[in-house]
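Subject: Structure handover

Hello,

The structure we talked about is below, with the sequence. My notes on what turned up in it follow.

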Amino acid sequence: MTDYGFGSGGVPKVELKSTRKPVEPDKIQRAVEEGEELGFVPRSPSKKTTKRQSSDTTPVPTSGRRRKKTEPQGKILITGPERVMQRFRDLCDDRDLPYWKVLEELLSE
């Protein structure tokens, strides 16, 4: 086997030395407390907790940016003439509502 230009002795092992000193846990805790006093909040992702509703067995997210799901969601893909699709988009824009709400209104008429 060839030495790939490193010589027959192989590559010497390199040991990395850190110049950082370990931080004491009580110093970290004091820094966190001082930060909280100054109004800083943790930016790490929070754990999502779920809460069960009394009448439903489906867990509902209680944190995060997602909306609470109250019913199962479905998806459809509609293909049609551009003029019809544009009229529907314009209708939704005029009412300032999402597509599904306008569709629900049209179906209930």
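Tyr99 is partly exposed, because its relative accessibility is 46%; buried means under 20% relative accessible area, exposed over 50%, and partly exposed in between, with a 1.4 Å probe and protein chains only.

Before the rest, some notes on the source. This is a predicted model, in which local features need pLDDT of at least 70 and side-chain atom pairs count only at pLDDT 80 or more, while totals for chains, interfaces and linings use all residues. Residues are numbered from 1 along each chain as its sequence is written, and side-chain values use heavy atoms, with hydrogens and water left out.

Aromatic pair

Searching the whole structure gives one aromatic pair. Phe88 and Tyr99 have ring centres 5.5 Å apart and planes at 50°, so the pair is tilted. The rule is that rings of Phe, Tyr and Trp (its six-membered ring) pair if their centres lie within 6.5 Å; planes under 30 degrees apart are stacked, over 60 edge-to-face, and the rest tilted. Phe88 belongs to helix H2 and Tyr99 to helix H3, so the pair ties together parts eleven residues apart in sequence. Helices (H or I, at least four residues) and strands (E, at least two) are DSSP runs, numbered from the N terminus. Phe88 is partly exposed, with a relative accessible area of 24%.

Salt bridges

The whole structure has three salt bridges, each defined as a side-chain nitrogen of Lys or Arg within 4 Å of a carboxyl oxygen of Asp or Glu.

- Glu105 and Arg95: the closest N and O atoms are 2.5 Å apart. Glu105 sits in helix H3 (residues 99-108) and Arg95 in helix H2 (residues 82-95), so this pair ties together parts ten residues apart in sequence. Glu105 is partly exposed at 32% relative accessibility, and Arg95 is partly exposed at 34%.
- Glu82 and Arg89: the side chains meet at 3.3 Å, N to O. Glu82 is exposed, with a relative accessible area of 52%, whereas Arg89 is partly exposed at 30%.
- Arg30 and Asp26: the side chains meet at 3.5 Å, N to O. Both residues lie in helix H1 (residues 25-37), four residues apart, about one turn of the helix. Arg30 is partly exposed at 43% relative accessibility, and Asp26 is partly exposed at 41%.

Surface patch

Ile76, Ile78, Leu103 and Leu107 make a nonpolar surface patch of about 440 Å². Patches are made of residues with over 30% relative accessible area and no salt bridge; like charges are joined within 9 Å, and nonpolar side chains (Val, Leu, Ile, Met, Phe, Trp, Tyr) within 5 Å. Leu107 is in helix H3 and counts as exposed, at 66% relative accessibility.

Whole chain

The protein chain has three helices and two strands, in the order α-β-β-α-α along the sequence. Of its 109 residues, 5% are buried. Among contacts (heavy atoms within 4.5 Å) with a separation of 6 or more in the protein chain, residues 24 or more positions apart account for 0%.

Regards

Conventions:
Areas by Shrake-Rupley, 256 points an atom, 1.4 Å probe, with all protein chains shown as cover.
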